[in-house]
Amino acid sequence: MFFQAEPFDTIIRAIALSSLAVCWVVLVVRIVGLRAFSKMTAFDFVVTVAIGSLLAGAGQASSWPTFLQATVAIASLLGVQYVVARIRGASDAIEEIIQNTPVLLMENGTVLHAALAATRVAEDDLIAKLREANVLDLSQVRAVVLETTGDISVLHGQGLQPRLLHGVRRIG
């Protein structure tokens, strides 16, 4: 692709194509916006993982058409993500299709076992997240929410404003 000598060509190609691909991703993200790498929805997460895979493929390309295909695919995915985010903001119906619903796993110090079972979250994992959030007393936990991204949010303290649980589904 660059040189005739095989080991030298492989090294130079990897450095050059990886550098070009990373610069391409940075440029496209600057155009599309920082939301490109957010984990706000499962769709966003899938796009982020796919971009990582395509970036690796671009760095390993053995021909210019292969490199071009990977870089165009990166731009296309980010473009689709941008369009979907715009449509989501304009349509509640599309929002419902694309967005998962956050689920309440614990409320006012009580573990909601039906929610754990429905979401396949182990109680040990829940307890680990409580420790991670520096919870010292279960009675201080106002809510634990499995977010749309798969992250677990722990809300603890003296009180909880109802707005923080707006749109959170209760199971059981």
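**Reading the model**

A: Let us begin with a single residue, bearing in mind that this is a predicted model. Thr 119 lies in helix H5, which spans residues 113-119.

Q: Is Thr 119 buried or exposed?

A: A residue is called buried when its relative accessible area is under 20%. Thr 119 has 17% relative accessibility and therefore counts as buried. Leaving aside residues up to four places away in sequence, Thr 119 touches Val 103, Leu 105 and Leu 146.

Q: How is the packing of two helices described?

A: The description uses the angle between the two axes and the distance between them. Here, the axes of helix H2 (residues 42-59) and helix H3 (residues 64-90) come within 9 Å and cross at roughly 165°. Angles over 145 degrees count as roughly antiparallel, so H2 is roughly antiparallel to H3. The crossing of H2 and H3 is left-handed.

Q: Which residues of H2 and H3 meet?

A: On the H2 side, the contact residues include Phe 43, Val 47, Ile 51 and Leu 55; on the H3 side, they include Phe 67, Ile 74, Leu 78 and Gln 81. By class, the contact of H2 with H3 has 15 nonpolar, one polar and one charged residues.

Q: How many bridges join strand E3 to E4?

A: Five bridges join E3 (residues 141-146) to E4, and the two strands run antiparallel. Val 144 stands opposite Val 154 in E4.

Terms used
Residues are numbered from 1 along each chain as its sequence is written. This is a predicted model: local features need pLDDT of at least 70, side-chain atom pairs count only at pLDDT 80 or more; totals for chains, interfaces and linings use all residues. Side-chain values use heavy atoms; hydrogens and water are left out. Two strands pair if DSSP finds at least two bridges between them. Helices (H or I, at least four residues) and strands (E, at least two) are DSSP runs, numbered from the N terminus. Axes are lines fitted to C-alpha atoms, for helices over the stretch in contact, and angles run from 0 to 180 degrees between N-to-C directions. Angles under 35 degrees count as roughly parallel, over 145 as roughly antiparallel, 65 to 115 as roughly perpendicular and the rest as oblique. A crossing is left-handed if the near helix is turned anticlockwise from the far one by less than a right angle, and right-handed if clockwise. Contact means heavy atoms within 4.5 Å. Ala, Val, Leu, Ile, Met, Phe, Trp, Tyr, Cys and Pro count as nonpolar, Asp, Glu, Lys and Arg as charged, and the others, Gly among them, as polar. Buried means under 20% relative accessible area, exposed over 50%, partly exposed in between (1.4 Å probe, protein chains only).
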